[in-house]
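Please keep the sequence and the structure open while you read, and try each question before turning to its answer.

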Amino acid sequence: MVDRSKLHPYLTRPIEVKSGVAGIQRPANFLESIAENPEPLMEMANHHIVSARQFNLDRMTQVCRLAAEFEVMPHLIHKPLDGKIMINAFYEPSTRTRFSFESAWHRLGGDIITITDAGTTGMAKGESLPDIAEMFNNYGDAIVLRDSNEASVYNMLESLRIPMVNAGNGVDEHPTQALADIYTIFKWRPELTSLDLPENRRIRVGIIGTPGKMRTVRSLLLLLANVRHAIAELVVINPNREIFSAGQREELEAAGLNISIADRLKDVLPELDVVYINSIAWIGDTYETLTGDLKLSIESPLKDGAIILHPLARGDELDVSLDTTAHNWYFAQARGAVFIRMALLTTLVERISQVLDAPQPTAEEA
Ligand code: CP
């Protein structure tokens, strides 16, 4: 006989299905608002993805559209990557990126080789990255690489004959995280893709952190420049100076972003529609966390309807009291990353035609 009084309360009731959680709704609105155009995706076949600079508005919109198809229509997952092998080489810790890439590849029917410690490879004996890349050509059909050394991604490029995805290279870039961020924003407001967006529908985006030292922010800002027509102002909130890397702000402003800087979060928070917060900024091999009033909680003066994004993992800058509010789009952001990665991987290994030719959704699925 089970003594229910001795059980943890979560063991005595069914798992709660949180269908009403913010941002988890089906992305049907976004899917309906974007016309299918496979051309920008076809061009990506057998190409590496190293930088957010490789994505213009068309390309990132079509990647998001394909991700939405995967998210809305599970029956599209009819194993288009059957027979393909992905090499997942993560030489730096990861929860979301590694597992979501693996989840994406598994959902598409492929097989995976995972490396989580460079010390178990020939690197421990001094083998060069180009030589390891040469071997990867024989063992897999795509490689996903995370390395705390910025240069590693570039050192492998010359030897690789299979597409590589940069899953975070030091402080430099994290382009697929930025695509997951943009996908979340497009699901929230599909109209932002439109070049005819009325001025009064433009949004204010706040970036809490250090753009020069946060790889997710560095990539996201490059993608946000593609939707400059939809951004009235981009406010970076940080009391410190020298928060951009050399030439970064100039490049973004030349691309058309209207950038301002605020010292204090509470001064600008009530005006922001999207609040992007990150926890750490890298300085060489070490990192610094956010300080001062750069923290969000249920007490923060957020605008009605504002969404919070965070690439996670979080520290105390993002309080759990916000998890059950409509401002929480960060969990949806992490969930959407699986579908973005499904779209990218299908595209890179030239299996996109198998997805686009799949049967269309029933009325219930759409
Ligand atoms: N967003 C992100 O890169 O998380 P992980 O470090 O857990 O992969």
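Predicted model: local features only at pLDDT ≥ 70, side-chain atom pairs only at ≥ 80, totals over all residues.

Q: Which parts of the chain does the salt bridge between Glu-134 and Arg-161 tie together?
A: Glu-134 forms a salt bridge with Arg-161, and the closest N and O atoms are 3.0 Å apart. Glu-134 belongs to helix α5 (residues 129-139), while Arg-161 sits in the loop between α6 (150-157) and β4 (164-169), so the pair ties together parts that are 27 residues apart in sequence: helix α5 and the loop between α6 and β4.

Q: Why does Arg-161 count as exposed, while Glu-134 is only partly exposed?
A: A residue is called exposed when its relative accessible area is over 50%, and buried when that area is under 20%. Glu-134 has a relative accessible area of 28%, and because this value falls between the two limits, Glu-134 is partly exposed. Arg-161 counts as exposed because its relative accessibility is 58%.

Q: How many residues apart in sequence are the parts tied together by Glu-43 and Arg-59?
A: The side chains of Glu-43 and Arg-59 meet in a salt bridge, at 3.3 Å from N to O. Glu-43 lies in the loop between α2 (39-42) and α3 (57-72), whereas Arg-59 lies in helix α3 itself, so the parts that this pair ties together are 16 residues apart in sequence.

Q: Is Arg-59 buried or exposed?
A: Its partner in the salt bridge, Glu-43, is partly exposed, with a relative accessible area of 43%. For Arg-59 the relative accessible area is 17%, and because buried means under 20%, Arg-59 is buried.

Q: How many salt bridges are found in the whole structure, and how many are counted between domain 1 and domain 2?
A: The domain assignment of the protein gives domain 1 as 22-174 + 336-354 and domain 2 as 176-333. A search of the whole structure finds 22 salt bridges, and the count between domain 1 and domain 2 is 4.

Q: Which element gives the most residues to the side of domain 1 that touches domain 2?
A: Across the interface of the two domains there are 19 residue pairs in polar contact. On the side of domain 1, the elements that give two or more residues are α1 (28-33), α3, α4, β4 and α11 (330-348). With 7 residues, the element that gives the most is α3.

Q: How much area do domain 1 and domain 2 bury between them?
A: The centres of the two domains, taken over C-alpha atoms, are separated by 24 Å, and the contact takes 39 residues from domain 1 and 35 residues from domain 2. Of the area that is buried between the domains, 62% is on carbon and sulfur atoms, and the area itself is about 3,000 Å².

Q: Which residues of domain 1 lose the most area to domain 2?
A: Three residues together account for 21% of what the side of domain 1 buries, and they are Met-60, Val-171 and His-174.

Q: With which side chain does the side chain of Arg-146 make a polar contact?
A: Arg-146 is placed in strand β3 (residues 142-147), and with a relative accessible area of 6% this residue is buried. Among the residues that Arg-146 touches are Phe-90, Glu-92, His-174 and Arg-215. The polar contact, at 3.0 Å, is with the side chain of Thr-97.

Q: From which residue does a backbone nitrogen lie 2.8 Å from a polar atom of the side chain of Asp-273?
A: Asp-273 is found in the loop between α10 (265-268) and β8 (274-277), and at 12% relative accessibility Asp-273 counts as buried. The residues it touches include Trp-188, Lys-303 and Gly-305. The backbone nitrogen at 2.8 Å belongs to Arg-204.

Key:
Residues numbered from 1 in each chain as written. Heavy atoms only, no water. Helix = DSSP H or I, 4+ residues; strand = E, 2+ residues; numbered from the N terminus. Buried < 20%, exposed > 50% of the residue type's maximum accessible area, 1.4 Å probe, protein only. Domains from an automatic or database assignment. Contact = heavy atoms within 4.5 Å. Buried area = accessible area lost by both parts, 1.4 Å probe. Polar contact = N/O pair within 3.5 Å; in protein donor to acceptor, adjacent residues only side chain to side chain. Lists of a residue's contacts leave out its neighbours within four places in sequence.
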